[in-house]
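Welcome! Have a look at the structure below, and then let us walk through some of its charged side chains together.

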Amino acid sequence: MQKEYYAMETVTRMVTFAPIICLLICSSVALPSKQAANASDENFQQTQAATSQREELVPKTTRLHKMGILKVPTNTRLVRLYNKNGYFLKISNTGRLRGTRSIDNPNTLIVMESMGPSIVRLKGVVSKTYLCMNDEGICHIMAQPTDECLFKEKLGTNYFNTYASYKYSGRNPGNITQEFYIAIKKNGKLKHGANTAMIQKSVDFTVVPLK
């Protein structure tokens with residue numbers, strides 16, 4: 001009887017400790033998997049960070065070439081750009097960039113080239129030159145387009161379009177949007193991009209299509 005008692009007590013202890021043993025085994029097996037998952041996450045984050053650093057080192061012009069933005073335009077339109085101050089934007093080969101009230105002025109004819117989503121180039125039909133903007137927000141013309149000739153076209157809530165430098169976006173501390181806008185002043189002269197803001201009438205344009 002005593003042997004049977006000890007045998008039953010041993011079995012009872014084994015049954016009691018069995019769940020604990022199983023729990024320890026499962027924990028020891030699951031732990032490496034969790035560590036592996038954490039290591040995988042860390043490797044992924046390090047890879048992402050390295051990729052971002054490489055992208056920052058690549059010149060913006062090179063990235064634009066890869067995106068196809070500086071290649072052949074996807075679409076072209078013959079237009080005039082009418083400013084809210086009552087002037088048509090004029091692109092001439094004399095280097096004098098300003099507006100004119102005459103709709104018959106041939107220098108108001110502009111080829112609007114679509115280079116990407118809401119990204120355009122503006123080419124004078126007569127002058128065959130492109131309207132561009134430098135890093136100070138000053139407009140100039142170029143015979144061969146570069147990334148300085150790219151502008152972000154945005155339709156505002158007032159149904160007027162604005163055109164801001166694509167290359168130097170975010171570099172103007174003079175306004176909330178930090179953009180350099182194409183703008184025509186009340187006297188017809190082009191406004192310095194550093195002095196422009198989205199709330200000004202001078203930056204608002206209506207696209208007048210010809211075809």
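## Glu-179 and Lys-152

In this predicted model, Glu-179 and Lys-152 join their side chains in a salt bridge, with 2.6 Å from N to O. The two come from distant parts of the chain, 27 residues apart: Glu-179 sits in the loop between S9 and S10, while Lys-152 belongs to strand S8. Glu-179 is buried, with a relative accessible area of 10%, whereas Lys-152 is partly exposed at 26%.

Side chains of opposite charge can pair when their charged atoms come close.

## Other salt bridges

How many salt bridges does the structure hold? There are four. One of them joins the side chains of Lys-84 and Asp-204 (3.6 Å, N to O). This pair links parts of the chain 120 residues apart, with Lys-84 in the loop between strands S1 and S2 and Asp-204 in the loop between strands S9 and S10. Lys-84 is partly exposed, at 33% relative accessibility, and Asp-204 is buried, at 5%.

Lys-167 and Asp-147 also meet in a salt bridge (3.5 Å, N to O). Lys-167 lies in the loop between S9 and S10 and Asp-147 in the loop between S7 and S8, so the pair ties together parts 20 residues apart in sequence. Here Lys-167 counts as partly exposed, at 21%, and Asp-147 as buried, at 5%.

## Around Glu-113

Now for a residue in strand S4, which spans residues 110–116: Glu-113. Glu-113 is buried, with a relative accessible area of 6%. Its side chain makes a polar contact with the side chain of Arg-121, at 2.8 Å. Beyond its neighbours within four places in sequence, Glu-113 is in contact with residues including Pro-73, Asn-75, Lys-123 and Tyr-130.

How values were computed: Residues are numbered from 1 along each chain as its sequence is written. This is a predicted model: local features need pLDDT of at least 70, side-chain atom pairs count only at pLDDT 80 or more; totals for chains, interfaces and linings use all residues. Side-chain values use heavy atoms; hydrogens and water are left out. Helices (H or I, at least four residues) and strands (E, at least two) are DSSP runs, numbered from the N terminus. Buried means under 20% relative accessible area, exposed over 50%, partly exposed in between (1.4 Å probe, protein chains only). A polar contact is a pair of N or O atoms within 3.5 Å; within protein, one must be able to donate a hydrogen and the other to accept it, and residues adjacent in sequence count only if both atoms are side-chain atoms. Contact means heavy atoms within 4.5 Å.
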